[in-house]
Amino acid sequence: MKKILIYLFIAAIIAAFIFQSCPDQTVNTPPKVVEPEKKVLQIPTFDKDSSFSFIDKQVSFGPRVPNTDAHKKCRTWLVEKLKSYGATVIEQEFKATQYTGKQLNGANIIASFNPNAPKRIIISAHWDSRHVADQDEKDKEKPILGADDGASGVGVIIELARQLKAKPTEIGVDMILFDAEDLGKDDVQTMEDMKTWCLGSQYWAANPHVAGYHAKYGILLDMVGATGARFAKEEFSVKYAREFVDKIWKLAASQGYGSYFATEETGGVTDDHYFVNTISGIPMLDIINKPLEGGFVKHWHTHNDNMQAIDKETIRVVGQLLLHVIYNENEGQL
Ligand SMILES: [Zn+2]
């Protein structure tokens with residue numbers, strides 16, 4: 001009997017020791033998170049040559065400054081092209097006053113795929129080009145071609161439209177080409193100065209093309225064509241659309257595009273997404289080539305923003321990423 005008690009005593013001490021050495025074993029085991037299996041998708045291949053030709057075509061009209069013949073001709077071409085890919089196209093005309101006092105005849109071009117689908121995303125860019133070359137050394141007062149600043153984003157979008165015709169989605173995709181983005185005051189000091197930019201997006205955000213319009217989110221493309229472009233996480237994009245910035249930049253990294261889609265954050269840009277976010281409340285992020293410090297790339301708002309500034313590999317990376325976004329979103333798995 002005594003022996004049994006001693007054994008029990010020793011067993012109790014051992015048990016207590018084991019219990020103490022791993023006190024939280026059961027509590028600390030993390031619950032198993034079962035990630036939903038992602039469907040493996042056949043994503044179409046973005047055709048960089050096709051996209052490049054769409055940029056070249058816009059530039060061939062000359063500077064697309066409102067009230068000019070080149071602007072009119074380019075508008076006609078954009079509308080016809082987008083219609084030919086099966087989009088329902090709305091030309092939203094508006095009048096605006098430039099900071100110079102000039103009356104502008106603007107038109108936002110909205111190309112919708114599946115216009116009745118309740119779940120929608122926006123892919124956007126500006127189709128006008130700057131009326132002056134204020135960052136250049138010479139011919140400062142002359143308008144620029146804007147191959148990168150304007151035409152590159154539109155060229156990517158038209159190629160996406162071509163791809164959507166070949167492989168339609170169930171979700172709705174609205175391609176919104178804003179007008180009169182780049183006609184603002186160079187030196188932005190106040191909110192009033194800020195509002196001299198992005199006249200088309202300000203108009204659209206206050207007067208959407210469809211009453212009660214809503215989209216899950218929007219992606220703006222601006223200056224997406226230059227060699228070695230660096231798309232850091234821009235301040236207003238992070239502020240208003242962080243969830244989508246994180247998802248899309250993560251997707252870019254998974255595709256090996258991390259050298260383009262830098263994870264650092266960079267300062268805010270007065271771009272169309274700012275007004276869409278603050279006026280319409282639709283979260284919109286900006287994929288824009290902007291160094292971490294200072295202004296923009298060297299050819300920005302100069303006459304060097306011509307077709308020589310366009311690198312097919314950069315537009316391929318941006319376009320291919322957007323195809324991943326669209327078709328993953330279509331499966332509800334972005
Ligand atoms: Zn610009």
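**A walk through the predicted fold**

The protein has a radius of gyration of 26 Å, whereas a compact globule of 334 residues would have one near 20 Å; the radius is taken over C-alpha atoms, and the globule rule is 2.2 Å times the number of residues to the power 0.38. Along its principal axes the C-alpha trace spans about 110 × 40 × 40 Å.

A word on conventions: this is a predicted model, in which local features need pLDDT of at least 70 and side-chain atom pairs count only at pLDDT 80 or more, while totals for chains, interfaces and linings use all residues. Residues are numbered from 1 along each chain as its sequence is written.

The protein has ten helices and eight strands, taken as DSSP runs (helices H or I, at least four residues; strands E, at least two) and numbered from the N terminus. Of its 334 residues, 46% count as buried. A residue is buried if 20 or more other C-beta atoms, placed from the backbone, lie within 10 Å of its own, exposed if 12 or fewer, and partly exposed in between.

Let's visit strand β5 (residues 217-222). Six of its six residues are buried, so β5 is largely enclosed by the rest of the structure. Tyr217, Ile219 and Leu221 point one way, and Gly218, Leu220 and Asp222 the other. Strand β3 (residues 120-126) runs parallel to β5, joined by four bridges; pairing requires at least two DSSP bridges. Here Ser124 stands opposite Leu220. Strand β8 (residues 284-288) also pairs with β5 in the parallel sense, over five bridges, with Met284 as the bridge partner of Gly218.

Finally, look at Asn105 in strand β2 (residues 103-113). Asn105 counts as partly exposed because it has 14 C-beta neighbours inside 10 Å.
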